[in-house]
Amino acid sequence: MLRRTTTISDIDSPAGLAELLDHHDYLPDEGLTTAAYLALKMGRPLFLEGEAGVGKTELAKTLAAILGAPLIRLQCHEGLDAAQAMYDWDFPRQLLHLKAAEAAGSADVAALEGEIYDRRFLIARPLLRALETQPSVLLVDEIDRADDEFEAFLLEVLSDFTISVPEIGTISAPTPPVVVLTSNRTREVHDALKRRCLYHWLEHPGFDREVAIVRRRLPGCAERLAADVARAAGRMRAAGLLKPPGVAETLDWAEALLTLGAAELDPALAAATLGALLKHREDQETVRAGGLLHADGGRD
C-alpha cells in the first residue's frame with residue numbers, strides 16, 4: 001500500500017512520482033511527470049504554462065498532498081508588490097507595544113526601537129512563510145498577471161531562497177520549498193525568471209486521458225457519458241472559441257450532466273448545462289450554431 005505522505009528522497013524515478021500522482025487522482029502525461037520529478041530532485045522551481053484549466057494549479061496541490069506539506073499560495077495580480085508577497089510590519093501591534101511601554105514608564109528609546117522591530121511584529125506573507133515553513137510547497141499562481149517589477153523581486157528570492165529584512169537581517173530557508181509557478185500566458189514572462197526554472201507547457205489532455213480523468217474524479221460517471229463529454233470538449237477546443245474549455249470545465253460539465261441523471265450526451269440537456277463548460281456568450285452561440293453538442297458532432 002502507498003504511504004499517505006512521502007519525502008522527495010523517497011521518490012526514485014518519474015515512474016514512482018507518476019504512481020504517487022495517480023494515487024492522488026492526478027493523471028499527468030509522461031512529459032509533465034518527468035519535469036516535476038526533475039524539479040523535485042534538482043531543487044529547481046517548476047514553471048508551468050498552458051491554457052486555463054489544464055491542471056497547473058492542481059499539480060501543486062497534489063505535490064503538497066504527496067509530501068504532506070502545506071500549500072502556500074501567492075495569487076498574483078496587477079499591482080502586487082513586495083510587501084504583499086514577502087512581509088509587512090504589524091503597525092497596530094507595534095503601536096500598542098509602545099503605548100504599553102510608555103505606561104510602564106520605560107524611557108530607554110533605543111531599547112524600544114529594537115523591540116518594535118522584533119520578529120514577533122513581522123507579518124509573514126506567502127514568500128516569507130514558504131521560506132520559514134519546513135517542508136512547504138509554494139505556488140506562485142498566474143505570474144503573468146503580476147507587473148514586471150514584481151518579477152525582479154521574485155527572481156531575487158528564488159535565486160538563493162533568502163529574504164532580506166533591513167531591520168532584522170537576512171532570513172534564509174534551511175531547506176528550499178518546492179516551488180511551482182503557473183502562467184496562462186496573458187503576457188510573456190521575462191527570460192531571466194524562466195532561466196531560473198525548469199519549464200513545461202501543459203497541453204489539453206488527449207481523448208483517452210481526459211476520459212480517464214473524468215471517470216477518476218467522478219466515479220459515478222458512466223464511460224459513455226465521460227467519452228461523450230470528452231469528445232465534445234475536444235471539438236470545442238478545435239473550434240476557435242474565445243475561451244476553450246479546460247479539464248476543470250469538462251469536469252464541471254460532466255458533474256452537471258450527472259447531477260441531472262444523464263447517462264450519455266443528450267443535445268437538449270447539453271445545451272441547458274452549457275454554462276458549466278463555456279463562460280462566454282459568444283462561445284455558447286458558436287457551439288450551438290455549429291451543432292457541437294451532439295455526441296457525434298453532427299447537426300440537428
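A cavity is a set of grid points where a 1.4 Å probe fits but cannot get out. Keep that in mind for the first exercise, and remember throughout that this model is predicted.

**Exercise 1. Enclosed space**

Task: Find how many cavities of 30 Å³ or more the model holds, and which residues line the largest cavity.

Solution: 
- Step 1. Applying the rule with the 30 Å³ cut-off gives a count of one cavity.
- Step 2. The volume of the largest cavity is about 40 Å³.
- Step 3. Its lining consists of Ala36, Ala39, Leu40, Arg44, Leu46, Leu63, Val178, Val179 and Val180.

**Exercise 2. Open space**

Task: Describe the largest pocket by its volume and its lining.

Solution: 
- Step 1. The largest pocket holds about 560 Å³ of space.
- Step 2. Its lining has 31 residues, and Gly53, Val54, Gly55, Lys56 and Glu58 lie nearest the centre.
- Step 3. Two or more lining residues come from each of helix H3 (56-67), strand S9 (198-202), H10 and H12.
- Step 4. H3 gives the largest share, with four residues.

**Exercise 3. A helix and its neighbours**

Solution: 
- Step 1. H11 runs over residues 223-237, and its 15 residues reach 21 Å from first C-alpha to last, close to the expected 21 Å.
- Step 2. Take buried as under 20% relative accessible area. Among the residues of H11 that pass are Leu225, Asp228, Val229, Arg235, Met236 and Arg237.

**Exercise 4. Cores and a hairpin**

Task: Locate Ile163 in the largest nonpolar core, then describe how strands S6 and S7 pair.

Solution: 
- Step 1. The largest nonpolar core has 35 residues, and Ile163 is one of those with the most contacts inside it, as are Leu127, Ile143, Phe150, Leu154 and Leu181.
- Step 2. Leaving out residues up to four places away in sequence, Ile163 touches partners including Met86, Tyr87, Leu131, Val157 and Ile171.
- Step 3. A separate second core of 29 residues includes Leu218, Leu241, Ala270 and Leu278.
- Step 4. S6 (residues 162-165) pairs with S7 (residues 169-172) in the antiparallel sense, over four bridges.
- Step 5. Three residues lie between the two strands of this hairpin, and Ser164 stands opposite Thr170 in S7.

How values were computed:
Residues numbered from 1 in each chain as written. Predicted model: local features only at pLDDT ≥ 70, side-chain atom pairs only at ≥ 80, totals over all residues. Heavy atoms only, no water. Core = buried A, V, L, I, M, F, W, Y, C linked by side-chain atoms within 4.5 Å. Buried < 20%, exposed > 50% of the residue type's maximum accessible area, 1.4 Å probe, protein only. Contact = heavy atoms within 4.5 Å. Expected span 1.5 Å × (residues − 1). Pairing = 2+ DSSP bridges. 1 Å grid on protein atoms, 1.4 Å probe; cavity = no way out; pocket = protein on both sides within 12 Å on 5 of 7 lines; lining within 4 Å. Points joined across faces, edges and corners; volume = space filled by probe spheres on them.
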